[in-house]
Amino acid sequence: MVTNMKILVMSDSHGRLDLMLDAMEQERPQRVFFLGDNYRDGQALADAYPDIPMDLVQGNCDWSAGPDELLVEAGGIRFLLTHGHRYYAKSGTDRLVDAGKQKGAAVVCFGHTHEALNMPERGVWLFNPGSAGGVHSRPGYGVILVGDGRFLLELR
């Protein structure tokens with residue numbers, strides 16, 4: 001696979017901007033997906049790295065700070081970005097899969113559960129980077145390598 005872009009995926013930072021900044025320095029991405037809970041952290045990250053495109057959605061702790069979800073494209077792949085709470089992600093992934101299929105997304109990126117997940121389900125790839133802030137789990141994030149209409153998802 002020819003990699004055209006490296007995307008850093010983070011969610012559920014809950015005030016641990018320091019860990020997000022560490023991930024940025026470690027990975028040096030060309031783009032960032034932030035999946036909510038603490039939207040302010042995502043905004044602060046965008047301010048710290050104004051030359052890196054960032055797609056941010058709000059979570060259940062963000063109180064109308066930004067969009068609930070985004071449908072974005074990178075490297076010929078369509079991604080649905082959502083925090084996951086509106087799809088009841090803690091109760092299962094069926095609604096996330098259905099939304100991804102309905103919107104034509106190859107990958108649904110979500111958070112909310114604080115549990116990392118990287119798996120295909122009924123023709124849609126589900127990707128949850130876990131909690132960037134290490135809330136109820138070890139700190140973690142995801143990396144997407146995308147190019148030529150193909151992708152590789154990694155949890156770190």
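Is W125 buried, partly exposed or exposed? I looked up this residue before the rest of the fold. At 28% relative accessibility, W125 counts as partly exposed, because the buried class ends under 20% and the exposed class begins over 50%. I note here that the model is a predicted one.

**Entry 1: the sheet that holds β1**

I began with the order of the strands. Five strands make up an open sheet of mixed pairing, and I read their order as β3-β2-β1-β9-β10. At the edges I found β3 (54–56) and β10 (150–155). Each of these two has a single partner strand, so one side of each has no neighbour in the sheet. From one strand to the next, the twist averages 20°.

Strand β1 (residues 5–10) runs parallel to strand β2 (residues 31–34), and four bridges connect them. As a point of reference, I recorded that M10 lies opposite F34 in β2.

Next I turned to the helices on this sheet. Helix α1 (residues 17–27) packs on it and touches β1, β2, β3 and β9 (142–147). The direction of α1 makes about 165° with that of β1. Helix α2 (residues 39–48) also packs on the sheet, where it touches β1, β2 and β3. For α2 I recorded an angle of about 165° with the direction of β3.

**Entry 2: the two sides of α2**

Which residues of α2 are buried? I listed Y39, D41, G42 and L45. These residues cover an arc of only 160° around the axis, so they lie on the same side of α2. The buried residues of α2 pack against β1, α1, β2 and β3. On the other side of α2, I found R40 and D47 exposed.

**Entry 3: the sheet that holds β8**

I looked up another open sheet of five strands, again with mixed pairing, in the order β4-β5-β6-β8-β7. Its edge strands are β4 (69–74) and β7, each of which pairs on one side only. The twist in this sheet averages 20° from one strand to the next.

Four of its five residues are buried, so β8 is largely enclosed by the rest of the structure. I checked its partners in turn.

- Strand β6 (residues 107–109) runs parallel to β8, and three bridges join them. In this pairing V107 stands opposite W125, and V108 has L126 as its bridge partner.
- Strand β7 (residues 117–121) is antiparallel to β8, with five bridges between them. Here N118 stands opposite F127.

**Entry 4: the aromatic pairs**

How many aromatic pairs does the structure hold? I found two. A pair of aromatic rings is described by the distance of the centres and the angle of the planes. I therefore recorded both values for each pair.

F33 and F79 form an edge-to-face pair, with 5.4 Å from centre to centre and 65° between the planes. F33 belongs to strand β2 and F79 to strand β5 (residues 77–82). The pair links distant parts of the chain, 46 residues apart. I then looked up the accessibility of both members. F33 has 0% relative accessibility and therefore counts as buried. F79 is likewise buried, at 0% relative accessibility.

W125 and F151 form an edge-to-face pair as well, with centres 6.1 Å apart and 80° between the planes. W125 lies in strand β8 and F151 in strand β10, so the pair ties together parts that are 26 residues apart in sequence. This returned me to the residue of my opening question. W125 is partly exposed at 28% relative accessibility, and F151 is partly exposed with a relative accessible area of 27%.

Definitions and conventions: Residues are numbered from 1 along each chain as its sequence is written. This is a predicted model: local features need pLDDT of at least 70, side-chain atom pairs count only at pLDDT 80 or more; totals for chains, interfaces and linings use all residues. Side-chain values use heavy atoms; hydrogens and water are left out. Two strands pair if DSSP finds at least two bridges between them. Axes are lines fitted to C-alpha atoms, for helices over the stretch in contact, and angles run from 0 to 180 degrees between N-to-C directions. Contact means heavy atoms within 4.5 Å. Buried means under 20% relative accessible area, exposed over 50%, partly exposed in between (1.4 Å probe, protein chains only). Rings of Phe, Tyr and Trp (its six-membered ring) pair if their centres lie within 6.5 Å; planes under 30 degrees apart count as stacked, over 60 as edge-to-face and the rest as tilted. The arc is that of the directions from the helix axis to the C-beta atoms.
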